[in-house]
Amino acid sequence: MASLIWFRSLHLRNNHLCGNFPLPLKNCSSLMVLDLSENELTGSIPEWIGNFIGKITETFLEVGRILYTASLMVLVLHSNKFNGSIPVELCHLNSLQILDLGNNNLSGTIPRCFGNYSRMIKPSNSTSPFPFHDPYYITFGSTDEATLVMKGVEYEYHKSLGLLAGIDLSSNNLSGGIPEEFTSLHGLIFLNLSHNHLQGKIPVKIGDMKSLESLDLSMNRLSGVIPQGMATIAFWSHLNLSYNNLSGQIPSGTQLQGFSPFSFIGNPELCGAPLTDDCGEDGKPKAPIPDNDGEDDSGWIDMKWFYLGMPWDFAVGVWAIFAPLALKRAWRHAYFQFLDEMKYKLLGWCP
């Protein structure tokens with residue numbers, strides 16, 4: 001494999017691979033798509049992964065065209081057992097459009113330089129697909145595909161792969177905050193940071209990510225209010241902010257109010273539609289309004305009769321047990337004989 005330096009696409013998904021990150025890939029510097037998901041690879045993600053920066057491949061002088069491989073565009077390492085921190089060398093991959101490191105054991109903070117991915121900064125359009133969707137590449141059979149987890153569901157992407165841009169770091173042990181630099185990724189379509197240990201606030205400028213369709217920040221420790229700008233994103237199709245420590249009123253807007261309450265549950269200090277808890281003037285959930293229409297008085301009357309009736313209930317119960325013993329001699333003898341037998345059995349005495 002080390003001699004195949006012109007590899008452009010490598011798919012080894014779901015092959016029960018184990019051990020560390022495959023070292024022979026170090027020399028495959030022309031890779032544009034690398035999918036090692038759903039294996040049992042361990043160890044850390046190597047720093048040399050930042051060397052997939054591409055090179056010139058062919059020159060067609062007759063048409064005045066130069067073909068080259070860009071740096072790695074799709075990296076899918078989902079569902080392995082990688083540990084350690086996320087290497088900052090990944091930020092050298094300026095052409096990266098899809099980064100999926102979800103469902104591993106990665107720890108540490110999210111590199112702030114992730115906000116520098118040039119292909120995620122500019123929104124994608126139908127006239128700017130991947131280079132291998134170029135007619136010249138299609139002539140040589142160089143189309144590609146990938147399986148990605150989006151909105152909690154697996155999707156297979158083929159010709160539309162080049163129009164996607166997304167980051168999935170879910171189900172790891174990442175800590176720290178969400179880098180403010182993420183908000184410069186105006187072309188990002190999906191972002192999944194759920195099931196981590198992230199703290200701090202949701203970036204205020206997250207509303208600048210106008211291409212965002214799917215955002216999952218659930219099961220973290222995020223606090224503060226939901227930024228107002230989130231109500232202005234037009235293409236929402238999936239949002240999950242549940243089980244954090246968010247507070248205040250959910251911003252008004254048809255986009256956010258159109259989601260299910262399950263997108264916001266698990267935030268006790270959050271209020272407003274679509275949740276059933278209304279907000280007070282202080283922006284906090286209203287306390288339950290006590291009913292003072294005599295319910296308290298009637299409750300006290302019920303409790304008073306309960307306590308007054310307790311002695312009578314006790315007397316009736318005692319009389320119901322001992323009255324037959326006092327009136328029936330045979331019953332009385334049988335009762336005391338039963339007690340003696342039980343005493344012998346419990347204490348081990350012989351009669």
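Two residues are in contact, or touch, when heavy atoms of one lie within 4.5 Å of heavy atoms of the other. The model shown is predicted, with local features requiring pLDDT of at least 70 and side-chain atom pairs counting only at pLDDT 80 or more, whereas totals for chains, interfaces and linings use all residues. Residues are numbered from 1 along each chain as its sequence is written, and side-chain values use heavy atoms, with hydrogens and water left out.

**View 1. Overview of the chain.** The chain has five helices and 21 strands, where helices (H or I, at least four residues) and strands (E, at least two residues) are DSSP runs numbered from the N terminus. Of the 351 residues in the chain, 41% are buried; buried means under 20% relative accessible area, exposed means over 50%, and partly exposed lies in between, with a 1.4 Å probe and protein chains only. The accessible surface of the chain comes to about 19200 Å², and carbon and sulfur atoms account for 58% of that surface; these areas come from the Shrake-Rupley method with a 1.4 Å probe, and for residues only the protein chains shown count as cover. Among contacts between residues at least 6 apart in sequence, 53% join residues that are at least 24 apart.

**View 2. The open parallel sheet.** Four strands form an open sheet in the order β16-β18-β20-β21, with parallel pairing. At its edges are β16 (199-201) and β21, each of which pairs on one side only. From one strand to the next the twist averages 30 degrees, where axes are lines fitted to C-alpha atoms (for helices over the stretch in contact) and angles run from 0 to 180 degrees between N-to-C directions. Two strands are said to pair if DSSP finds at least two bridges between them. In a regular strand the side chains alternate between the two faces of the sheet.

**View 3. Bridge partners along β20.** Strand β18 (residues 221-224) pairs with strand β20 (residues 245-249) in the parallel sense over two bridges, and Ser 223 has Asn 245 of β20 as its bridge partner. The pairing of β20 with strand β21 (residues 269-271) is also parallel and runs over three bridges. Here Ser 247 stands opposite Glu 269 of β21, while Gln 249 has Cys 271 of β21 as its bridge partner.

**View 4. The disulfide of Cys 271 and Cys 279.** Cys 271, the bridge partner of Gln 249, is joined to Cys 279 by a disulfide with an S to S distance of 2.0 Å, a disulfide being a pair of cysteine sulfur atoms within 2.5 Å. The link is right-handed, with 110 degrees about the S-S bond. Cys 271 counts as buried because its relative accessible area is 0%, and Cys 279 counts as buried because its relative accessibility is 17%.

**View 5. The disulfide of Cys 91 and Cys 113.** The sulfur atoms of Cys 91 and Cys 113 are 1.8 Å apart and form a disulfide, which is right-handed, with 60 degrees about the S-S bond. This pair links distant parts of the chain, 22 residues apart, with Cys 91 in the loop between β8 (83-85) and β9 (98-100) and Cys 113 in the loop between β10 (105-108) and α1 (118-121). Cys 91 is classed as buried because its relative accessible area is 11%. The count of disulfides comes to two, and with bonded cysteines counted along the chain their pattern is 1-2, 3-4. By way of contrast in accessibility, Cys 18 is exposed because its relative accessible area is 61%.

**View 6. Surroundings of Thr 183.** Thr 183 lies in the loop between β14 (173-174) and β15 (190-192), and it counts as buried because its relative accessibility is 8%. Its side chain reaches the backbone oxygen of Glu 180 at 2.7 Å, a polar contact being a pair of N or O atoms within 3.5 Å, of which, within protein, one must be able to donate a hydrogen and the other to accept it, while residues adjacent in sequence count only if both atoms are side-chain atoms. Leaving aside residues up to four places away in sequence, Thr 183 touches Pro 203, Lys 205, Ile 206, Asp 208 and Met 209.

**View 7. Surroundings of Ser 44.** Ser 44 is placed in the loop between β4 (40-41) and β5 (55-60), and it is partly exposed because its relative accessible area is 44%. Not counting residues up to four places away in sequence, Ser 44 touches Phe 21, Phe 82 and Asn 83. Ser 44 and Pro 87 are separated by 43 residues in sequence and by 8.7 Å in space, C-alpha to C-alpha.
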